[in-house]
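Please read it alongside the sequence and the model shown here.

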Amino acid sequence: MEKTQWKGGTLLSPVPAVLVSCGTMEKPTALTIAWTGITCSDPPKTYISVRRERNSYEIIKKSGEFVINMMPSSFVRQVDYCGIKSGKTEDKLAKMKLVPQESKLISAPQIAQSPISMECRITDIIPLGSHDMFMADILAVNVANSLLDERGRLRIEQAGLMAYAHGSYFALGKKIGSFGFSVKPKRPKNPKYKKN
């Protein structure tokens, strides 16, 4: 296909649109982050990239911890608001009726409305330019019981999560495959039901 070349930019899409909560249960806050992802499987590691002028930057840097809250697309307005407004001037969580929930291993709270929250502890801070990257160990993953089947397996497709792409939010759509499905042998049809 024919392509037009642009200068290098941040067009990798889609990416998660998450709420990163920090602070304490007594003084919680959160900001919206799209620059996040997994950096290692073993040990499980993640990162968030944050502008130094954001109110949450110093809170995260001083505490050394944060929670990544994956949010349902039904909370897109709240997620967007927490990315636009500053916690310096208002309590964004209260304004958006987002409820802080105690974490198990760190002081930073989770967001109760998040079906999947990851408790993280910073291992490295890497200055990059417009953002600093907070590399972190994923200490715990908290999953809503409603997303677990009878065998305890995660049904993430039922979380209704959202993504961010080129300045817009998108609800994640239907499942179109599972890891490794392209190389799995096809199951033979049950001969019992073979047409005559």
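In this predicted model, 7 strands with antiparallel pairing make up an open sheet, and their order is 3-2-6-9-10-5-4. Strand 3 (28–33) and strand 4 (36–40) are the edge strands, each pairing on one side only. From one strand to the next, the twist averages 35°.

**Sheet and helix**
- Helix 2 (residues 76–84) packs on the sheet, where it touches strand 2 (18–23) and strand 3, and its direction makes about 100° with that of strand 3.
- Strand 5 (residues 45–50) and strand 10 (residues 132–143) run antiparallel and are joined by 6 bridges; Ile 48 has Phe 134 in strand 10 as its bridge partner.

**Largest pocket**
- The largest pocket holds about 720 Å³ of space, and of the 32 residues that line it, Thr 10, Ala 34, Trp 35, His 131 and Tyr 164 lie nearest its centre.
- Strand 3, strand 5, helix 2 and strand 11 (162–165) are the elements that each give two or more residues to this lining, which divides into 16 nonpolar, 12 polar and 4 charged residues.

**Second largest pocket**
- About 470 Å³ of space lies in the second largest pocket, which is lined by 23 residues, with Met 70, Ile 156, Leu 161, Met 162 and Leu 172 closest to its centre.
- Two or more residues of this lining come from each of strand 1 (15–16), strand 4, strand 6 (65–70) and strand 11, and strand 4 supplies the largest share, 3 residues.
- By class, the lining of the second largest pocket comprises 15 nonpolar, 5 polar and 3 charged residues.

How values were computed:
Residues numbered from 1 in each chain as written. Predicted model: local features only at pLDDT ≥ 70, side-chain atom pairs only at ≥ 80, totals over all residues. Heavy atoms only, no water. Pairing = 2+ DSSP bridges. Helix = DSSP H or I, 4+ residues; strand = E, 2+ residues; numbered from the N terminus. Axes fitted to C-alpha atoms, helices over the stretch in contact; angles between N-to-C directions. Contact = heavy atoms within 4.5 Å. 1 Å grid on protein atoms, 1.4 Å probe; cavity = no way out; pocket = protein on both sides within 12 Å on 5 of 7 lines; lining within 4 Å. Points joined across faces, edges and corners; volume = space filled by probe spheres on them. Nonpolar A, V, L, I, M, F, W, Y, C, P; charged D, E, K, R; others polar.
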